[in-house]
Amino acid sequence: MNFSAEQLRDADRRVREMSSPERQLQAALHQAEGYRNFLASLTGLLTAVFVLKGQEDLSKLAHTPRCLVIGLLVTGFLALIAASWLGVLAVHGRPGEEIMLEAGRLLEYEKRRTRVIWRLVEWARWLALVGVLAVASAVIVTWVWPGGN
């Protein structure tokens with residue numbers, strides 16, 4: 001493809017603008033907000049699935065599968081709670097965090113905050129995956145393991 005000089009100049013200007021610390025911070029916050037909303041929806045959905053589709057009474061399961069299901073549920077929900085907490089930290093930061101009102105310090109803050117947000121979102125993604133797999137595994141165990149004490 002051939003681009004005109006004006007198109008190339010405009011694209012170069014947009015690249016410089018997008019790579020600024022302020023824009024990077026905005027992009028990171030936007031992504032973190034999306035993950036936070038996703039985690040909240042996912043946690044609610046998984047809770048509903050387990051309540052509606054899992055066994056109504058875990059005491060009907062033998063000791064080993066009952067302990068396994070309880071362990072998986074605890075692990076899954078703790079992972080989802082931790083992921084949600086990290087999502088909130090990514091979006092809102094820590095209460096009372098001070099931002100120095102000097103140009104150089106503001107730019108450093110924006111760069112550092114962007115890196116922190118990406119890291120928190122990455123941890124939240126992995127914890128959400130662990131949580132989903134643990135809760136789904138618990139539901140599957142209740143479906144397939146024969147009951148009886």
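**Close-up views of a predicted helical model**

View 1. E122 and R125 are joined by a salt bridge whose closest N and O atoms are 2.9 Å apart; the term covers a side-chain nitrogen of Lys or Arg within 4 Å of a carboxyl oxygen of Asp or Glu. This is a predicted model, in which local features need pLDDT of at least 70 and side-chain atom pairs count only at pLDDT 80 or more, while totals for chains, interfaces and linings use all residues. Residues are numbered from 1 along each chain as its sequence is written, and side-chain values use heavy atoms, with hydrogens and water left out. About one helical turn separates E122 from R125, because they are 3 residues apart in helix α4. Helices here are DSSP runs (H or I, at least four residues), as are strands (E, at least two), and the numbering starts at the N terminus. E122 has 33% relative accessibility, so it counts as partly exposed; R125, at 39%, is partly exposed too. For these labels, buried means under 20% relative accessible area, exposed means over 50%, and partly exposed is what lies in between, with a 1.4 Å probe and protein chains only.

**View 2. Two salt bridges in helix α1.** By the salt-bridge rule the count comes to 3, and this view turns to helix α1, residues 5-18. D10 pairs with R13, and their closest N and O atoms are 2.6 Å apart. Both residues lie in α1, 3 residues apart, which is about one turn of the helix. D10 is partly exposed at 30% relative accessibility, and R13 is partly exposed at 39%. R16 forms a salt bridge with D12, with 2.4 Å between the closest N and O atoms. R16 and D12 are 4 residues apart in helix α1, so about one helical turn separates them. D12 counts as partly exposed, at 40% relative accessibility.

**View 3. The largest nonpolar core.** Look here for the 27 residues of the largest nonpolar core, among which A32, V69, A90 and I117 touch the most other members. A core of this kind is a set of buried Ala, Val, Leu, Ile, Met, Phe, Trp, Tyr and Cys residues joined through side-chain atoms within 4.5 Å. Two or more residues come from each of α2 (21-53), α3 (63-92) and α4 (103-144), with α4 giving the largest share, 10 residues. In soluble globular proteins, nonpolar side chains tend to be buried together.

**View 4. The surroundings of A90.** With neighbours within four places in sequence left aside, A90 is in contact (heavy atoms within 4.5 Å) with L29, A32, R113, I117, L120 and V121.

**View 5. A nonpolar surface patch.** L68, I140, W143, V144 and W145 make a nonpolar surface patch of about 520 Å². Patches are built from residues with over 30% relative accessible area and no salt bridge; like charges are joined within 9 Å, and nonpolar side chains (Val, Leu, Ile, Met, Phe, Trp, Tyr) within 5 Å. Accessible areas come from the Shrake-Rupley method with a 1.4 Å probe, and for residues only the protein chains shown count as cover. Helix α4 supplies the largest share of the patch, 3 residues. W145 sits in the segment after α4 and is partly exposed, with a relative accessible area of 35%.

View 6. T142 belongs to helix α4 and counts as buried, because its relative accessibility is 2%. Its side chain reaches the backbone oxygen of V139 at 2.6 Å. V130 is also a residue of helix α4, and at 40% relative accessibility V130 counts as partly exposed. Although V130 and T75 are 55 residues apart along the chain, 8.3 Å separates their C-alpha atoms.

View 7. P95 has its place in the loop between α3 and α4, and its 82% relative accessibility makes it exposed. From C-alpha to C-alpha, P95 and S20 are 25 Å apart in space, and they are 75 residues apart in sequence. G44, in helix α2, is partly exposed, with a relative accessible area of 40%. G44 and A62 are 18 residues apart in sequence, with 28 Å between their C-alpha atoms.

Technical notes. A polar contact is a pair of N or O atoms within 3.5 Å; within protein, one must be able to donate a hydrogen and the other to accept it, and residues adjacent in sequence count only if both atoms are side-chain atoms.
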